[in-house]
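Here is a short briefing on one protein model. Look at the structure first, then read the points below.

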Amino acid sequence: MTAVMPAASATTFADVPTSHWAYSAVQYVTSNGFITPYSNGFRPDQLATRLELARALTGAFAPSEPVDPTITFTDLPATTPGYAYQVANVAVKKGWLSTTNGAFDPSGQVSKATMDKAFVAALGLNGVAAGLNKIQSTDGYRFQHTSWFAYYIITNELHLNHDYSSALEKQEVLAASPVSRAFIAYALWQAKTLSQWELGSIQSYANIVLPQMSDVEKQVVNFAFKYAGYPYVYAGEWYKPTGSGYCCGTQLQGGFDCSGFAWWVLKAPGQGWDNSSIRGYKGWTLLERGAAAMTGDAPVRYYYSKLQPGDLLGFNTDGQGTGWQGVDHAGIYLGNGWMVHSSGSRGGVSIDFIGNGSWWYSRLVWGRRLLPTYTPPPPPPPPSPSPSPSASATP
């Protein structure tokens with residue numbers, strides 16, 4: 001028995017007009033039979049279920065996979081009519097989804113964290129995720145992060161997460177947020193249309209090694225990594241929705257834009273803003289809020305070869321303007337050619353390579369140093385060779 005499902009013909013839905021952000025994705029997944037529409041529309045904002053995710057992944061990545069009869073569920077008998085048991089069985093067999101006390105929970109909601117992990121597995125990228133979760137420095141220090149860290153980064157880098165417009169900012173999803181049918185449709189559409197180049201490029205994330213760092217630099221990087229996967233929110237610099245008393249404007253969902261993430265990680269308390277009780281370290285003077293001003297006010301300009309971990313980076317990504325006035329994006333340097341940043345094209349906080357040969361390299365304007373300059377100690381000398389036995393020694 002396999003989980004093969006029939007494809008459907010393309011159609012239009014009144015609740016997903018051509019102007020809808022997920023229109024192309026919904027057309028793709030419904031015409032291929034990956035997600036089933038309702039008789040009265042697609043219902044894009046309805047929360048997706050675990051069974052819908054199982055069906056979507058099975059149809060897209062393993063349509064002819066046989067079921068494993070040894071996998072059973074307390075809440076989904078093998079005799080269940082339709083495809084429910086088959087797709088749930090394959091999803092568990094392939095490691096995309098898991099059970100709880102023997103139950104599959106077919107009508108349960110799907111969190112973004114669960115979705116990200118399932119897509120990474122379905123794309124055959126578990127090895128990359130395992131390597132990325134071991135991200136360390138040259139002296140063997142293992143950086144701290146959540147257990148879902150690698151799944152967030154990989155799905156962000158493969159552009160599986162939709163970045164909502166400012167008007168729909170409240171719909172941005174955090175790791176524990178349940179995702180909608182449209183959100184899964186978008187991720188599946190993106191995943192199924194990835195190029196071999198994209199799938200090949202992501203392999204470099206399996207072996208990221210950062211330079212030896214000072215204790216302060218480690219604190220900064222660990223704190224930045226804690227927010228991997230948080231959504232890109234225009235004008236956002238806080239980790240959750242803000243109330244009426246917040247200093248810097250109402251934020252409908254937790255998340256960050258590029259310079260807001262720099263504030264979150266690097267800025268010392270001031271101007272009515274203070275996250276030091278969350279962060280655990282004070283931070284440094286950073287009065288400017290926009291990427292251009294942050295870059296322009298650098299007292300010393302640090303170009304690529306002189307960068308150190310924790311440096312604030314300014315980029316001109318669209319080629320408009322010159323010098324600091326052309327800067328339209330900010331990031332934080334990690335070392336050895338890598339940065340952490342919040343990017344709209346990635347859908348949130350992610351890690352990117354900016355070294356020679358990368359898209360980012362020629363767009364770097366300069367860096368700004370806020371942390372103390374750190375010079376790693378020289379490596380220990382190699383051990384002295386053991387003395388040779390004397391030729392006259394008696395055996």
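Leu194 counts as buried because its relative accessibility is 12%; buried means under 20% relative accessible area, exposed over 50%, and partly exposed in between, with a 1.4 Å probe and protein chains only. The model is predicted: local features need pLDDT of at least 70, side-chain atom pairs count only at pLDDT 80 or more, and totals for chains, interfaces and linings use all residues. Residues are numbered from 1 along each chain as its sequence is written, and side-chain values use heavy atoms, with hydrogens and water left out.

- Leu194 sits in the loop between H7 and helix H8 (196-201). Helices (H or I, at least four residues) and strands (E, at least two) are DSSP runs, numbered from the N terminus.
- Leaving aside neighbours within four places in sequence, Leu194 is in contact with Leu123, Leu158 and Leu199. Contact means heavy atoms within 4.5 Å.
- Leu194 and Leu158 are 36 residues apart along the chain, and 7.7 Å separates their C-alpha atoms.
- Thr155 belongs to helix H6 (residues 149-157). Thr155 counts as buried because its relative accessibility is 1%.
- The side chain of Thr155 makes a polar contact with the side chain of Asp116, at 3.4 Å. A polar contact is a pair of N or O atoms within 3.5 Å; within protein, one must be able to donate a hydrogen and the other to accept it, and residues adjacent in sequence count only if both atoms are side-chain atoms.
- Neighbours within four places aside, Thr155 is in contact with Asp116, Val120, Leu160 and Asn161.

**Helix H1**

- H1 covers residues 23-31, and Ala25, Val26, Gln27, Val29 and Thr30 in this helix are buried.
- Helix H7 (181-192) is included in what covers the buried residues of H1.

**Nonpolar cores**

- The largest nonpolar core has 107 residues, and Val265 and Leu266 have the most contacts inside it. H7 gives the most to this core, with eight residues.
- Such a core is a set of buried Ala, Val, Leu, Ile, Met, Phe, Trp, Tyr and Cys residues joined through side-chain atoms within 4.5 Å.
- Val265 touches Val220, Phe223, Ala224, Arg279, Tyr281 and Ile332, not counting residues up to four places away in sequence.

**Cavity and pockets**

- Rolling a probe the size of a water molecule over the atoms shows where empty space is left.
- On a 1 Å grid over the protein atoms alone, a cavity is a set of points where a 1.4 Å probe fits but cannot get out; a pocket is an open set with protein on both sides within 12 Å along at least five of seven lines; lining residues have an atom within 4 Å of a point.
- Grid points are joined across faces, edges and corners, and a volume is the space filled by probe spheres set on the points.
- How many cavities of 30 Å³ or more does the structure hold? There is one. The largest cavity has a volume of about 40 Å³.
- Residues lining the largest cavity include Lys112, His162, Glu172 and Phe183. The lining divides into four nonpolar, four polar and two charged residues.
- Ala, Val, Leu, Ile, Met, Phe, Trp, Tyr, Cys and Pro count as nonpolar, Asp, Glu, Lys and Arg as charged, and the others, Gly among them, as polar.
- The largest pocket has a volume of about 480 Å³. Of its 17 lining residues, Glu157, Trp197, Ser201, Arg346 and Asp352 lie nearest its centre.
- H8 gives the most to the lining of the largest pocket, with three residues.
- The second largest pocket has a volume of about 200 Å³. Helix H4 (residues 112-122) gives the most to its lining, with three residues.

**Two positive phi angles**

- Asn101 is not a glycine, yet has a positive phi of about 50°. Asn101 lies in the loop between helix H3 (84-93) and H4.
- Asn101 is exposed, with a relative accessible area of 76%.
- Asn336 also is not a glycine, and has a positive phi of about 55°. Asn336 lies in the loop between strand S6 (329-335) and strand S7 (338-343).
- Asn336 counts as partly exposed, at 39% relative accessibility.
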